[in-house]
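Hello,

Here is the structure I promised to pass on. Please open it alongside this message; my notes follow.

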Amino acid sequence: MINFIFSLMVGPHPISMGSAYNAYAERVDGIFFNPSAASMASRVMIGGFYSQSGYYGGGIVIPNRFISIGLASSLDTTRNGTIYGVLARNFSGFNIGLGIQYPWTSDTLSKKNLKPHIYGGFSFYFSDYFMFGFTAENLDTPNALSLRFGIQLANYPLPVIGRSLAMTMDLNSTFARNVKSQDLASIGFEIDPFYPLFLRFGYNYNPNDSIIKHKIPAGLGLIYVYNTVDILGDVSVNDIKAESKNKIWTFGLTVKFFGYTVWAESSPKIIEVLPEAEASVTKICFRYILPSKVSRWTFNITNRWGKIYKTYWGDGPPPSECIYWHVVDEEGKYVGKGFYYYEFIVRTEDGKIYKRRGGLVNVKKGVKGI
């Protein structure tokens, strides 16, 4: 099956998440799995990746409130691969997309047996955290129709430990008259042990593989945020259970810019709190570029492990004037020294959710009694 062969040639992020990517849109790879990912993306994305197994690829996604565009490809060292092109549209939180998968090879004889395939998909939010995705591949070849269902539990705050967990799950089934049915299942997890580092691991189950039915991929991610630009680096290993010679490492880099985004600016960036004086204050200003009006917003101040110290929120747009944080938690107690981050979550009236995390302020000294 062409679609299964080439869907494996992806970057480190989907690999580390067990390829449970049908409801995911934070990398260019998203359009490999679901064409509606182009309209789920909130920013312009350019990404590339390389695998030790001998393939590489990349592409660009340009989201737009009318028509979003995605173009990407993956190739191996023998110059075999697939080109993906998609168009997608968002309808108040419901995303729909249609794309073409064009397999390509440098082998003249094999070219005669290859032809492009059409695939389509949709995705939508059930809530701020839960999203559903569905993809149908080989729409032009009903005898080899492949259906994939996916869910994403995104950035859900875990109780007690105060960290955020993202979980994705995919179920895949192929319906073919002359081909044995292929049923695949995968699941992936992402947790931030301390920002800006992310830890990911997944699980793949393939009952049709007589040699390796179970795989446990894993990976790491690092994000650098500067005003309106996000730089994301990822690395993954295909199976942590495999012998060292069978472990395949994949590396990738993604840059997000332009488009719609939310972020915050603080001043000063460094606070030196003295025991004999009141806590210093940092001024926080909200910034956002969005396609429609804001219906609800939440702004959390956290430490590097994701523990929330202070939350500001409200219906409608964030305050146009800057707010002042006096280095205290919800109970009015001074926080300790260290670097503090923000998590800015905004929901617009058209149903889309925009999230961003970045550095806020460095508290150099603790207050007496901490």
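**Salt bridges**

The structure holds 10 salt bridges. Keep in mind throughout that this is a predicted model.

Start with Arg-200 and Glu-190. Their side chains meet in a salt bridge, at 2.5 Å from N to O. The pair links distant parts of the chain: Arg-200 is in strand β11 (residues 197-205), and Glu-190 is in strand β10 (residues 183-194), 10 residues apart. Both Arg-200 and Glu-190 are buried. They also belong to a network of salt bridges, in which Arg-27, Glu-190, Arg-200 and Asp-234 are linked.

Next, look at Asp-230 and Arg-356. Here the side chains form a salt bridge at 2.3 Å, N to O. Asp-230 has a relative accessible area of 7%, so it is buried. Arg-356 counts as buried because its relative accessibility is 5%.

Glu-265 and Arg-287 make another salt bridge, with the closest N and O atoms 3.5 Å apart. Glu-265 lies in strand β16 and Arg-287 in strand β18 (residues 282-289), so the pair ties together parts that are 22 residues apart in sequence. Are these two buried or partly exposed? Glu-265 is partly exposed, with a relative accessible area of 29%. Arg-287 is also partly exposed, at 33% relative accessibility.

**Aromatic rings**

The structure holds 23 aromatic pairs. Take Phe-49 and Tyr-55. Their ring centres are 6.2 Å apart and their planes stand at 75 degrees, so the pair is edge-to-face. Phe-49 and Tyr-55 are both buried.

Phe-299 and Phe-344 form an edge-to-face aromatic pair, 5.6 Å centre to centre, with 70 degrees between the planes. This pair links distant parts of the chain: Phe-299 sits in strand β19 and Phe-344 in strand β22, 45 residues apart. Both Phe-299 and Phe-344 are buried.

There is also a cluster to check. Ring pairs link Phe-94, Phe-122, Phe-124, Phe-132, Phe-134 and Phe-149.

**An open sheet**

Strands β19 and β22 return here. What is the order of the five strands in the open sheet? It reads β17-β23-β22-β19-β20, and the pairing is mixed. The edge strands are β17 (270-271) and β20 (308-315), each of which pairs on one side only.

Now the contact between β19 (residues 294-302) and β22 (residues 338-348). These strands run antiparallel, and eight bridges join them. Thr-302 has Tyr-341 in β22 as its bridge partner.

**Backbone geometry**

The peptide bond from Ser-267 to Pro-268 is cis, with omega near 0 degrees. Pro-268 is in the loop between β16 (261-267) and β17.

Ser-19 is not a glycine, yet its phi is positive, at about 60 degrees. Ser-19 is in the loop between α2 (12-16) and α3 (30-33). Its relative accessible area is 21%, so Ser-19 is partly exposed.

Val-327 has a phi near 60 degrees, again a positive value in a residue other than glycine. Val-327 is in the loop between β21 (323-325) and β22. Is Val-327 buried or exposed? Val-327 counts as buried, because its relative accessibility is 2%.

**A nonpolar surface patch**

Finally, the surface. Ile-62, Phe-66, Ile-67, Ile-69 and Leu-87 form a nonpolar patch there, with about 470 Å² of accessible area together. One of them, Ile-69, is in strand β3 (residues 68-76). Ile-69 counts as partly exposed, at 43% relative accessibility. Phe-66, another of the patch residues, has a charged neighbour: Arg-65 lies over its face, at 5.8 Å from the ring centre.

Best wishes

Terms used:
Residues are numbered from 1 along each chain as its sequence is written. This is a predicted model: local features need pLDDT of at least 70, side-chain atom pairs count only at pLDDT 80 or more; totals for chains, interfaces and linings use all residues. Side-chain values use heavy atoms; hydrogens and water are left out. Two strands pair if DSSP finds at least two bridges between them. Helices (H or I, at least four residues) and strands (E, at least two) are DSSP runs, numbered from the N terminus. Buried means under 20% relative accessible area, exposed over 50%, partly exposed in between (1.4 Å probe, protein chains only). Patches are made of residues with over 30% relative accessible area and no salt bridge: like charges are joined within 9 Å, nonpolar side chains (Val, Leu, Ile, Met, Phe, Trp, Tyr) within 5 Å. Accessible areas come from the Shrake-Rupley method with a 1.4 Å probe; for residues, only the protein chains shown count as cover. A salt bridge is a side-chain nitrogen of Lys or Arg within 4 Å of a carboxyl oxygen of Asp or Glu. Rings of Phe, Tyr and Trp (its six-membered ring) pair if their centres lie within 6.5 Å; planes under 30 degrees apart count as stacked, over 60 as edge-to-face and the rest as tilted. A charge sits over a ring if NZ of Lys or CZ of Arg is within 6 Å of the ring centre and within 35 degrees of the ring normal.
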